[in-house]
Amino acid sequence: MDNLTADDALGSAPDLTNVAEWRGRLFGVDRIDLDDLRWTEAGTSYAWGAANRSPIPKIGSDHVGISGLAARKDGLIVGRQNTVH
């Protein structure tokens, strides 16, 4: 039987709590690293590279982490408990 994981360079899909699509990419929040925004390469919903992550400010300030994602025209809205980025 074939292995259904992505090539190491592409990375396998993480276990995500929130997911939003914006400009041909998927964005999401890992269940373990609640402060980090993860994303795919444009046009490849299966390529979750390890370098495609960014911490959203006020890291460790709460136990909720990133609480919401929303695509809006020319921007991706990232919400935390008391802030919006």
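Visitor: What share of the 85 residues in the chain is buried?

Guide: Buried residues make up 34% of the 85 residues. Buried means under 20% relative accessible area, exposed means over 50%, and partly exposed lies in between, with a 1.4 Å probe and protein chains only. A word on the source: this is a predicted model, in which local features need pLDDT of at least 70, side-chain atom pairs count only at pLDDT 80 or more, and totals for chains, interfaces and linings use all residues. Residues are numbered from 1 along each chain as its sequence is written, and side-chain values use heavy atoms, with hydrogens and water left out.

Visitor: How many helices and strands does the chain have?

Guide: Helices (H or I, at least four residues) and strands (E, at least two) are DSSP runs, numbered from the N terminus. Here there are zero helices and six strands, so to read the chain from its N terminus you simply follow β-β-β-β-β-β.

Visitor: Which strands pair with β3?

Guide: Two strands pair if DSSP finds at least two bridges between them. β3 pairs with β2 in the antiparallel sense over three bridges, and β3 and β4 are also antiparallel, again over three bridges.

Visitor: Where do the side chains of a strand point?

Guide: In a regular strand the side chains alternate between the two faces of the sheet. In β3, D36 and R38 lie on one side and L37 and W39 on the other, and all four are buried. Both faces of β3 are covered.

Visitor: Which residues make up the largest nonpolar core?

Guide: A nonpolar core is a set of buried Ala, Val, Leu, Ile, Met, Phe, Trp, Tyr and Cys residues joined through side-chain atoms within 4.5 Å. The largest one has eleven residues: A20, W22, F27, V29, L37, W39, I56, I66, L69, L76 and V78. At least two residues of this core come from each of β1 (16-22), β2 (25-30), β3 (36-39), β5 (66-72) and β6 (75-80).

Visitor: What does I66 touch?

Guide: Contact means heavy atoms within 4.5 Å. Leaving out residues up to four places away in sequence, I66 touches N18, V29, L34, D35, D36, L37, I56, V78, G79 and R80.

Visitor: How many aromatic pairs does the structure hold?

Guide: Rings of Phe, Tyr and Trp (its six-membered ring) pair if their centres lie within 6.5 Å; planes under 30 degrees apart count as stacked, over 60 as edge-to-face and the rest as tilted. The structure holds two such pairs. W22 and F27 have ring centres 6.2 Å apart and planes at 50°, so they are tilted. F27 and W39 are tilted too, because their planes stand at 35°, with the centres 6.4 Å apart. This pair links distant parts of the chain, with F27 in β2 and W39 in β3, twelve residues apart. Together, ring pairs link W22, F27 and W39 into a cluster.

Visitor: Is T40 buried or exposed?

Guide: T40 is buried, because its relative accessibility is 0%. You can find T40 in the loop between β3 and β4 (53-55). The side chain of T40 reaches the backbone nitrogen of L26 at 3.0 Å. Among the residues that T40 touches, not counting those up to four places away in sequence, are R25, S45 and W48.

Note on methods. A polar contact is a pair of N or O atoms within 3.5 Å; within protein, one must be able to donate a hydrogen and the other to accept it, and residues adjacent in sequence count only if both atoms are side-chain atoms.
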